[in-house]
Amino acid sequence: MIRISLFLWCALALVFTVSSGEKGLDPLRPHGFEIQAKPVSLMQGNTAVRTIGALTYIEGWSLSSWDRNFGGLSALAVDGARFKLVSDVGEVISFDMHGGHFSNARVDSLPKGCGDGWVKKNQDSESFAVDPKTGRSWIGLEVHNFLCLVPAGGDTATEIAPHDMADWPHTGGPESMVWLKRGGLLVLAERDDDDAKPVTPAVYFPGGPERSNAIAIRLGYQAPAGYRAVDARELPDGRVLVLNRRYEPPINFMAKLVVIDPPQLVTGAVLKGREIAAFEAPFISDNFEGLSVQPSADGLHIWIVSDDNFSRPLQRTLLLHLIWMEPH
């Protein structure tokens, strides 16, 4: 067992170095590509299991492609049948999905002005948020802790370096980001410099962080023990759903979804949620990083995607569809 674990750990480290290291991928030429989808069950070997915590499992797939640019998916937004995702090597992946059939897949670069070139450390996009009223979107870049503002229908972004995020860790920055209906951007760091601390940094920008005199309210977020926040979305009633991830070597990932009652966004407040589902053995799990919510008459449709770190076949790109039928 020790020899096997050591081998897998070394193999994973090698794949990370080759596929998504400091040099990044080759300069990207936007293009279309094809996605292969293999259905997966909520519990391996038991397709009859359809419930996980408070959620009901609808469907899910393991996604793959011969296109070397597909992978590393860190955040997503779902609009009807159209899916838009950002990756940790500065790519925007989009596709349509109808009844388990994936089509019109495309890969593009981040908007101009968001990051520098194609080097991974300058385009490590980890979070994505949309203001539905204006159509503006935000992309969070790790390492430099930048935020990119993309106007509705625009292809050029404005890069912002908020002072209140400057002291966040380079490898634990704006991993989760959500635009709130009250009119502001909530950003959660993945971790603090001291991993032993139960509370990690968070900041709320009422009205957004783009103005020179933008107000920033420093907060904290307390994830479930051993977990870190990796994405967040607001629910119709003002509560916030947070996806949290836990990693255990050599290649073992778990995830928990928690819901925060309408957060008190005042200086020094610590946000903490109530668990509604845990993705851990014997349930399906991987490096889940992206979360999207679609309100519907029958409940809240929840989408979760995993980041394979370009380490196939050691990790997978999983896309899961669940529903929360009694969210109140």
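This is a predicted model: local features need pLDDT of at least 70, side-chain atom pairs count only at pLDDT 80 or more; totals for chains, interfaces and linings use all residues.
Biologist: Which residue does a cis peptide bond join to Pro 250?

Modeller: Most peptide bonds are trans, whereas the bond here is cis, with omega at about 10 degrees. Pro 250 lies in the loop between β18 (240–248) and β19 (252–260). The residue joined to Pro 250 by this bond is Pro 249.

Biologist: Where does Pro 282 lie, given the cis peptide bond that joins Ala 281 and Pro 282?

Modeller: The bond between Ala 281 and Pro 282 is cis, and its omega is about 10 degrees. As for its place in the chain, Pro 282 lies in the loop between β21 (274–279) and β22 (288–296).

Biologist: Is Phe 310 buried or exposed?

Modeller: Phe 310 is placed in the loop between β23 and β24, and its phi is near 55 degrees, a positive value in a residue other than glycine. Its relative accessible area is 6%, and the cut-off for burial is under 20%. Phe 310 is therefore buried.

Biologist: What is the relative accessible area of Asn 309?

Modeller: Asn 309 lies in the loop between β23 (299–306) and β24 (317–324), and its phi is positive, near 55 degrees. Asn 309 counts as buried because its relative accessible area is 14%.

Conventions
Residues are numbered from 1 along each chain as its sequence is written. Side-chain values use heavy atoms; hydrogens and water are left out. Helices (H or I, at least four residues) and strands (E, at least two) are DSSP runs, numbered from the N terminus. Buried means under 20% relative accessible area, exposed over 50%, partly exposed in between (1.4 Å probe, protein chains only).
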